[in-house]
Amino acid sequence: MSCKCQECGKQYKVDVIVSDEVWNDISDGKNLLCGSCIFMKIEEIDCYDVFELTNKYIVAKTHDGVEVRTNDTVWVKGSTGYHTARVLESSTSYELFGPIPVSQSFSSEEAIKDYFEKDND
Ligand SMILES: [Zn+2]
């Protein structure tokens, strides 16, 4: 699915979300603007700002409660200790005995050691 920019008429698929304050300065009463038009208009505003582009597709939370996305590295417990694995969709790339659900993985080596070396083994 895509939207049509009301400024340049191009179809676009990635929504750029800006603050209400910035939107009020650039929208000129329009409802749909593509990323190119949004940034051209932001450049015209007489101020400097910084925007961070993030992936809104947060896949899952690790056991220690950290939100991770596809391709992030997490820690899993295997038969020979702790290993890193990549986040696929709702599971990890750890393949020795089959992928491990992200909800059973940990965000860091410290977090996985904390968990298993206390009273949860
Ligand atoms: Zn546009």
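Most residues other than glycine have a negative phi.

The structure is a predicted model, in which local features need pLDDT of at least 70 and side-chain atom pairs count only at pLDDT 80 or more, while totals for chains, interfaces and linings use all residues. Residues are numbered from 1 along each chain as its sequence is written.

## Overall layout

The protein has three helices and six strands, which are DSSP runs numbered from the N terminus, with helices being H or I over at least four residues and strands being E over at least two. Read along the sequence, these elements follow the pattern β-β-α-α-β-β-β-β-α. The radius of gyration is 21 Å, well over the 14 Å that the globule rule gives for 121 residues, so the protein is more spread out than a compact globule; this radius is taken over C-alpha atoms, and the rule is 2.2 Å times the number of residues to the power 0.38. Along its principal axes, the C-alpha trace spans about 60 × 30 × 15 Å.

The protein is divided into domain 1 (3–44) and domain 2 (60–116), with bounds that come from an automatic or database domain assignment. The centres of domain 1 and domain 2, taken over C-alpha atoms, are separated by 38 Å. Of the 121 residues of the protein, 15% count as buried.

## The nonpolar core

The largest nonpolar core holds 11 residues in all, among them Ala60, Trp75, Val76, Tyr94, Phe106 and Ile112; such a core is a set of buried Ala, Val, Leu, Ile, Met, Phe, Trp, Tyr and Cys residues joined through C-beta atoms within 7 Å. Strand β5 (residues 73–78) supplies the largest share of this core, namely three residues.

Valine 76, a member of this core, touches His83, Ala85, Thr92, Tyr94, Ile100 and Ser105 when residues up to four places away in sequence are not counted, and two residues are in contact if their C-beta atoms, placed from the backbone, lie within 7 Å.

## Strands β5 and β6

Strands β5 and β6 run antiparallel and are joined by six bridges, where two strands pair if DSSP finds at least two bridges between them. A hairpin connects β5 to β6 through two residues, and histidine 83 in β6 is the bridge partner of valine 76.

Threonine 84 lies in strand β6 (residues 81–86) and is partly exposed, because 14 other C-beta atoms lie within 10 Å. Apart from its neighbours within four places in sequence, threonine 84 is in contact with Thr73 and Trp75. Threonine 84 and valine 14, in turn, are 70 residues apart in sequence and 31 Å apart in space, C-alpha to C-alpha.

Methods
Buried ≥ 20, exposed ≤ 12 C-beta atoms within 10 Å, placed from the backbone.
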